[in-house]
Structure formats: structure tokens, C-alpha cells
Amino acid sequence: MGSLRTRLALGFFAVALAAVALAGAAIVPGLEERLREAKLRDTAAIADQYAPQLQEVVGTNVNARRVLERVRQIADQTSTRVTVLLVNTRNGEIDVSPTYDSFQTNEIDLDFGVALQSARSGRPQTGTETGDSGRVGQVARPLFQRDPEGRRLLGYVAVFSTQLRDVESSVDVVERRVLIAGGAAASIALLAGILMATGLTRRVRQIETAAGRVAAGDFDARFPLDRSDELGQLSRALDDMRRQLAELDNARKRFIATASHELRTPIFSLGGFLELIADEDLDPETREIFLAQVREQVARLGKLATELLDLSKLEAGSLELRPEPTDLTVLARAVADEFIPALSAHDSHLELRLPTEPLEALCDPERVAQVMRILIDNALTHTPEGTDMVVSAGRRDGRVRIGVGDFGPGVRRAMLPHIFEPFITSDDAQGSGLGLAIAHELVERMDGELVVESQPGRTTFTLDLPA
Ligand SMILES: Nc1ncnc2c1ncn2[C@@H]1O[C@H](COP(=O)(O)OP(=O)(O)OP(=O)(O)O)[C@@H](O)[C@H]1O
Ligand SMILES: [Mg+2]
């Protein structure tokens, strides 16, 4: 009962039924009324035309035979029943009695209420009454006489009666037709509803099945994309979602595979060195070299673990930012100072191009410093010894910018579009390729932007932050 199919089909059925009922209600009652009125109008026209002929025969010297003949003649010509009623006045009460009737009956089955009304008012009257042969419409016309003194008297009333039976049967026919048409329309609507609803529910079920498969992790599931209606649009939206989920799933798998590979390499190398160190015949000098390697691998593992944790926190959105008003010139100077030993080991000079007045921004100073460290560290790691670099800061269009540039050989062209993805790294250093991925995520969390411009001889990373 609750299914879309049943509801749609019943809805169609109900609408069709209601439409037919409404049409019937609008047509049938009015129809009977209109047909009856038309019939009475026709009879009134007949009465207008033939009443003078009756008037003529009852005007003076009434001859019963002549009157009856005229009555029958008119009835024959007009297919109405013609009755002439005598008007009596007794004790001041007006009364009518049927005297001549075109029907050859002994018993008069009608009351002729209209005739009485007409006799009392002296005016034409119209009405209906029910006799032996059903309902009749009646039109009464007063007929006048002249008395010996020449006064005009109301002597008779002529009544023209017409059967209303055919009106009723016409209405019955219409009613029956409306009912049959209504039943047929409702049945067709029910059938059409079932067919349409079946088509719709089949498509909905296809979408449901595909969504279920995607939910279970099967990204090869296909949504029906062959139509452009609302369900087609829903399918398309779900298919987009499926594609994005598949991409995400792929990225996640790649991430886990690379991360575990990245972790495994230093661990294997550590194991190898530890075995070598365990050799008792090892001379102290070589042992020292191996120990240095062990320390380096441990440091690398530690850095990797911290970076992976940072990245996963960033991606899960659980990294908390603590924005505070910060003077970026002070911050840039402090971070640059941290690199004095590394710069001198690399034989490089770092130039600071900072404005003289404070450069205030509302940001998390610790996180901005982390991004700058990642960028300066890269400028040191991925350039040959003796390469100089520039750290600049300034304000533009209501935002603040920090630039970290170097005059090294630049990023490889093929790598440039992927440089902010995790684990993208070159072989020149023992990095894991997470530095820029973390920097990029951090900057996005701060509603900023990190862009790179690189060509041989000049590479600049620009950090753009809301002020
Ligand atoms: N200033 C630069 N000049 C040339 N290449 C760069 C520069 N900065 C980054 N790159 C290239 O971009 C890659 C990705 O940098 P990223 O900092 O993400 O990883 P990494 O430095 O290789 O490793 P990690 O920082 O995780 O130790 C680097 O391997 C390097 O090839
Ligand atoms: Mg790096």
C-alpha cells in the first residue's frame, strides 16, 4: 500500500474519477433543467400560436362538437394534449373543470393547477404536474367571452400539455454515458498509472541497487544514465559521487601503500645496520659510521611519523588553529634565524626583504612558521650548495603575502602540477614528499593559498593569507 507504485496508480485513478464526477455534477443537473425549460418554451410558443383558434370557437355561441373538433385538430397538429377547462364562479370562489380534452379518456388524470392559476389571475401560466403517464409540462392560456352586454368575461382556460418523459430519459441516457465514460476513464487511468509507476519504480530500484553496491565499496556499479529527467539527474549526481568516492578510495589506498613503503625502507635499513654493528670484528671507525647511519634513519622515521600524523590530522580536520594578531616581519625574521647554521653549512645566503613597519595579520603564528620552515628547508635541500634565497613579505589587496624564493635549478616540469600531493618527491634527497602536502593543507585550513612558480634559476613559493 505504501509503495510508490500503488500510490501513483491509485492517485491516477482517484484523479480520473474525481474529474468525471465533477464533469457529471456540472452537466447532469443543469441539463435536466435546461431541457425542461426548452420544452416548456416550445409549448408556450405553440400555445401562443393556437390559443386564438380556440378563442374563436369559445368566444360566442359555444358549439361543443366544434370545440372538441378544434381541440383534436390542434392536438394532432402540435403533438400536445389540448384541454379546455370551463371557469365557474360559485360563491365568489373560482373553480375550473376540464370540459374538452384531446385525450379520449373518461377519467381525467390531471389536476390542471396551472389552469386554476390562470383563471384566478386572468394571465398565461406555465407549470408541471405528474399524471398517469409521468411528468407533464403545461402551459395555460385564458380564453375570453363576451356576455350579451358586450363585457369581456373569462370563460375558459386552454391548457397545452407536453410529455416530459423524454426529457427524463434523455437525461438518464446522458447520466449512463457519463458513468460508463467515467468508469472507462478511471480504469484507463489506473492501468496507465500502474504502467508508468512500474517503469518509474524499476528505474528507482536500479538506482537503489547501484547505490547499495557503491555503499558496499563496489565502485564499478553503474547508475542508469540513459535519461535526462529528474531520475536521470539523480542518477548522474549519484554517479558523480561514485566517481569521486572511487577516486578518494584510490587515493587512500595509494596513501596507505606509499606510507607503509616509506616506513618499511628505513626500518629495513635500520635492521641491516644493527646486524652489521653486532659484528664483533668491526673496527671502531666503521662502527661509528654505521651508528651515524642508524641515527639518521631513526631521525627520518621520527620525522616521517610526525609528518604522517600532521597530515592525517589535517585531512580529518581535527588540527586546531590558534589565530592571534601576529607581526609577520618578526615571525619571518625568527624563522630565518633558525636556519643560520643550516645556511652556513650549505654555503648559502638568505636575503630578507621585509617592510620596515609591522605587517599585522590574524593567524596562527606556529602554523605559519611551520609552512615557512617547510619552504626554506626545501630551498636548502633541493638546490645545489651555494644557492642563495630570498624571503619576502608584504601586503596586497587587503591580504598578506610571504614569499620564499631561491635561485636554484627549479622543480621538474612533469612534477610541478603534482607538487602539493603527498609522497611526491625527487630522488635528490631522502625526503618522503610530505612537506609541501602538509604546507598546502595547512594554508587551506587558514583560508589562504599556496602557489608555486618555478623555472630554472628562479623558484618562488608564495603564501597568501587573509589579513
Ligand atoms: N625549492 C625547490 N626547488 C626545487 N625543487 C623543489 C623545491 N621545493 C620542492 N621541490 C620539489 O618538490 C618535491 C616535493 O617537496 P616536499 O617538500 O613535498 O617533499 P620532500 O622535500 O621531497 O620531502 P620532505 O619534505 O617530506 O622531507 C621535492 O622532492 C622536490 O623535488
Ligand atoms: Mg621538503
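The numbered points below comment on helix packing, nonpolar cores and a few individual residues in this predicted model.

1. Helix 1, which spans residues 4–58, packs against helix 2, residues 64–78, at an angle of about 165 degrees, and the axes of the two helices are 9 Å apart. Since angles over 145 degrees count as roughly antiparallel, helix 1 and helix 2 are therefore described as roughly antiparallel to each other. The crossing of this pair is right-handed.

2. The contact between helix 1 and helix 2 can be followed residue by residue: I46, Y50, Q53, L54, V57 and V58 on the helix 1 side meet R66, V67, R70, I74 and T78 on the helix 2 side. By class, the residues of this contact divide into 7 nonpolar, 2 polar and 2 charged.

3. Helix 1 also packs with helix 4, residues 165–215, where the two axes come within 7 Å and cross at roughly 165 degrees. With the limit for this class set at over 145 degrees, helix 1 and helix 4 are therefore roughly antiparallel to each other as well, and their crossing is right-handed. The residues of the contact of helix 1 with helix 4 comprise 30 nonpolar, 7 polar and 5 charged.

4. The largest nonpolar core holds 35 residues, and those touching the most other members are L328, A332, V371, M372, L375, I376 and A439. At least two residues of this core come from each of helix 7 (328–338), strand 8 (360–363), helix 9 (365–381), strand 9 (389–396), strand 10 (399–406), helix 10 (435–445) and strand 12 (458–466). Helix 9 gives the most to this core, with 8 residues.

5. Within that picture, V371 touches A439, L442, V443 and L463, when residues up to four places away in sequence are not counted. Apart from this core lies another one, of 28 residues, which includes L110, V114, A119 and L143.

6. D397, which is found in the loop between strand 9 and strand 10, has a positive phi of about 50 degrees although it is not a glycine. D397 is classed as exposed because 7 other C-beta atoms lie within 10 Å, and the limit for that class is 12 or fewer.

7. F423 likewise is not a glycine and has a positive phi, here of about 70 degrees, and its place is in the loop between strand 10 and helix 10. With 17 other C-beta atoms within 10 Å, F423 is partly exposed.

8. D464 lies in strand 12 and is partly exposed, because 18 other C-beta atoms are found within 10 Å, whereas a buried residue would need 20 or more. Leaving out residues up to four places away in sequence, D464 touches R399, R401, G448 and E449. The C-alpha atoms of D464 and P124, which are 340 residues apart along the chain, are separated by 102 Å.

9. K303 belongs to helix 6, residues 284–316, and is partly exposed, with 15 other C-beta atoms within 10 Å. Between the C-alpha atoms of K303 and G431 there is a separation of 9.6 Å, while the two residues are 128 residues apart along the chain.

Notes
Residues numbered from 1 in each chain as written. Chains lettered and ligands numbered in written order. Predicted model: local features only at pLDDT ≥ 70, side-chain atom pairs only at ≥ 80, totals over all residues. Core = buried A, V, L, I, M, F, W, Y, C linked by C-beta atoms within 7 Å. Helix = DSSP H or I, 4+ residues; strand = E, 2+ residues; numbered from the N terminus. Contact = placed C-beta atoms within 7 Å. Axes fitted to C-alpha atoms, helices over the stretch in contact; angles between N-to-C directions. Parallel < 35°, antiparallel > 145°, perpendicular 65-115°, else oblique. Left-handed = near helix turned anticlockwise from the far one by under 90°. Nonpolar A, V, L, I, M, F, W, Y, C, P; charged D, E, K, R; others polar.
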